[in-house]
Amino acid sequence: MKLLVSPINREEAIIASRGGADIVDVKNPKEGSLGANFPWIIRDVKEAVEGRQPISATIGDFNYKPGTASLAALGAAVAGADYIKVGLYDIQTEDQAFELLTKITRAVKDYDSTKKVVASGYSDYKRINSISPLLLPSIAAEAGVDVVMVDTAIKDGKSTFEFMDEKELKKFTDLAHEYGLENAIAGSLKFEDLPILERIGPDIIGVRGMVCGGDRRTAIRQELVEKLVAECQA
Ligand SMILES: O=C[C@H](O)COP(=O)(O)O
């Protein structure tokens, strides 16, 4: 399992990078679960990480605005993100999801076909009236997306495991692989979740709170990133 760690600025990105994260994921929690950070922060993180890890950037918890989302996705790509991540937040139908993802993918790949698009659904989709993450792999594959992810929409400490059980998350992972996609699981994951995550077998796990010592509003700690890297490799 690869480890994606979500810093909010250059300083945290350096800590995540030195701690051995596989992907450094720039976000802005002030603007939501997958809140977008500023282009200059993405550029700054890219420069600070010096090519040791690929950079991911979130572009927001989106509603059905394919034009706005495409432009945001291009902005993240131009700023230096290797992975461009969108949250399907206020998306009610499969058609809306397909159109949003198709346009984002085109905006990114027309600019640089080596960049990857990540489509994130939410484990607590019922709380926000969005679509089930289990619908995502087939839609994402058809739209040309590279990675499907599941995260929590509302960061109130409730974990993805409180909304989707092992069987559903395994189904999500298997579906992604059947459609030739990578997949990622996130959402207030804890060290105690590692054995169950190993059984589920996602390609990537995404964390912030876990490597901040439990409170995602505090800073990322290098020793916790190192501990997680070691446990993921064990
Ligand atoms: O992409 C991963 C998220 O930032 C996860 O954050 P969290 O572990 O605090 O829920």
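The structure is a predicted model, in which local features need pLDDT of at least 70 and side-chain atom pairs count only at pLDDT 80 or more, while totals for chains, interfaces and linings use all residues. Residues are numbered from 1 along each chain, following its sequence as written.

Next come the annotated lysines. An unreviewed UniProt entry lists Lys27 and Lys85 under "active site"; such positions are given in the numbering used here, with feature names shortened, and annotations may be inferred rather than shown by experiment. The two span 59 residues in sequence, yet no two of their C-alpha atoms are more than 9.7 Å apart, so they gather at one spot. Lys27 sits in the loop between strand E2 (23-26) and helix H2 (39-49), whereas Lys85 belongs to strand E4 (residues 83-90). Helices (H or I, at least four residues) and strands (E, at least two) are DSSP runs, numbered from the N terminus.

Lys27 counts as buried because it has 24 C-beta neighbours inside 10 Å, and Lys85 is buried with 30 other C-beta atoms within 10 Å. A residue is buried if 20 or more other C-beta atoms lie within 10 Å of its own, exposed if 12 or fewer, and partly exposed in between, with C-beta atoms placed from the backbone. Leaving aside neighbours within four places in sequence, Lys27 is in contact with Ser6, Ile8, Leu34, Gly35, Asn37 and Thr58. Two residues are in contact if their C-beta atoms, placed from the backbone, lie within 7 Å.

Helix H1 (residues 10-19) has Glu12, Ala13, Ile15, Ala16, Ser17 and Gly19 buried. Their cover includes strand E1 (2-5), E2, H2 and helix H9 (222-233). H1 and H2 pack at an angle of about 35°, with their axes 9 Å apart; axes are lines fitted to C-alpha atoms, for helices over the stretch in contact, and angles run from 0 to 180 degrees between N-to-C directions. Arg10, Ala13, Ile14 and Ser17 of H1 make this contact with Asp44, Val45, Ala48 and Val49 of H2. These residues divide into 5 nonpolar, 1 polar and 2 charged. After H1 comes Gly20, with a positive phi near 105°.

Positive phi values also occur in residues other than glycine: Glu50 has a phi near 50°, and Asn129 has one near 60°. Glu50 is in the loop between H2 and strand E3 (55-63) and counts as exposed, with 9 C-beta neighbours inside 10 Å. Asn129 is in the loop between helix H5 (125-128) and helix H6 (136-143), and is exposed with 10 C-beta neighbours inside 10 Å.

Finally, Val207 lies in strand E8 (residues 204-207) and is buried, with 27 other C-beta atoms within 10 Å. Beyond its neighbours within four places in sequence, Val207 is in contact with Val5, Ala186, Leu189 and Leu228.

Conventions: Ala, Val, Leu, Ile, Met, Phe, Trp, Tyr, Cys and Pro count as nonpolar, Asp, Glu, Lys and Arg as charged, and the others, Gly among them, as polar.
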